[in-house]
Amino acid sequence: QGAKRRGPTYTLPVAGGQIDPTEGKGEAKAQGMLFFTAKSKSVPLRDLKVKATRQPLIAKVGGSQLKLATSKQTSSRRAGFGTKLTSTKLKLTQKLITRLNKKLRPKLPFKPNQPLGTLTANAQPALVTITEEGSATLDLDPAFLQKLDQHFVSLNPIAPAQRFGAQASFPLAPGGAISPDGSKGTLRTAGALEFLQLGAGQVFWSELWLDLGANSDTAEVDVEPTPAFPGKVGRVGVLDYVPTGVSADPKARRISAAGSLSLSAQAAATFNEAFAQGQGAVFAAGEAVGTLGFGAVGE
């Protein structure tokens, strides 16, 4: 079931678990099974787990969890985005030895402190926790900026977001986690954008979060003034995202990506309500807003 043998080495894929790569603590779940066999009898080891402890190998034997081995030394080090755990001079536990001797009745019984070997686990994360290093930049589409100007709508950054001409930048916020290939997870940014038409509507997009799995840039939306407009709407998708490229540098633990952004249907409807009353559908779903690029550093 996924386990393989090559000479004296047995390899099982990592299928789950949770490990803190900065501290080397946690556990990795293996896919597959191992068997001790003798003639027609066998002792299967199911649900194998590797833990960063002095008793690093655990499995379900029969109907209960059993510690399989002890280690003289268990250590961890960074391996790209993930962690490599190593346990040396493994010895079978007395409980496993008793189980094996009773069930298999080998001609040469397993003895106390029976040497087993060396255990190595290389665990790479499905999602990388993102630090507050780096930033996301939004290069605004000239046609979108021109339309805002034609309808007397100013686009203003709210700190810590910044705007320099046709480019807005946002620092990365804590709490984000994305996959190394940029296909899933959420990249969180801080700051906000204000769209303001004097004497009419005012739209805030706060805490823009890029949902890579849904290809959507969401924000906490507030449409003012009330009661003319709905006020705080909550977190909704304001921009649709189409990825155009992603690269990962495991050694530097850096993930970079870029993509195009367009108005979502809900954002277009909000803009028409706030800024184009009586003028029809001035803003349209799918209208280009700009391109987004980010460079994120994982823990």
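## Second largest pocket

The second largest pocket has a volume of about 430 Å³. This is a predicted model. Its second largest pocket is lined by 22 residues. Gln18, Ile19, Pro125, Ala126 and Leu127 lie nearest the centre. Two or more lining residues come from each of β3 (14-20), β4, β10 and β12 (128-129). The top contributor is β3, with seven residues.

By class, the lining of the second largest pocket holds 12 nonpolar, seven polar and three charged residues.

## Largest pocket

The largest pocket has a volume of about 850 Å³. Its lining counts 29 residues. Nearest the centre are Tyr10, Leu12, Leu34, Leu57 and Leu119. Of the lining residues, 21 are nonpolar, six are polar and two are charged.

At least two residues each come from β2 (9-11), β4 (25-30), β5 (34-38), β6 (41-51), β10 (82-92) and β11 (115-123). The largest share belongs to β11, which supplies seven residues.

How many of the 10 residues of β24 are buried? The count is eight, so this strand, spanning residues 288-297, is mostly covered under the cut-off of 20% relative accessible area.

Strand β24 pairs with β13 (residues 135-140) in the antiparallel sense, through six bridges. Across from Asp139 stands Thr291 of β24. Strand β23 (residues 254-263) also runs antiparallel to β24, and nine bridges join the two. Here Ser256 has Gly295 in β24 as its bridge partner.

In a regular strand, side chains alternate between the two faces of the sheet.

## Helix α3

Helix α3 covers residues 265-275. Which of its residues are buried? They are Ala267, Ala268, Thr270, Phe271, Asn272, Ala274 and Phe275. An α-helix has 3.6 residues a turn, so residues three or four places apart point the same way.

How values were computed: Residues are numbered from 1 along each chain as its sequence is written. This is a predicted model: local features need pLDDT of at least 70, side-chain atom pairs count only at pLDDT 80 or more; totals for chains, interfaces and linings use all residues. Side-chain values use heavy atoms; hydrogens and water are left out. On a 1 Å grid over the protein atoms alone, a cavity is a set of points where a 1.4 Å probe fits but cannot get out, and a pocket is an open set with protein on both sides within 12 Å along at least five of seven lines; lining residues have an atom within 4 Å of a point. Grid points are joined across faces, edges and corners, and a volume is the space filled by probe spheres set on the points. Helices (H or I, at least four residues) and strands (E, at least two) are DSSP runs, numbered from the N terminus. Ala, Val, Leu, Ile, Met, Phe, Trp, Tyr, Cys and Pro count as nonpolar, Asp, Glu, Lys and Arg as charged, and the others, Gly among them, as polar. Buried means under 20% relative accessible area, exposed over 50%, partly exposed in between (1.4 Å probe, protein chains only). Two strands pair if DSSP finds at least two bridges between them.
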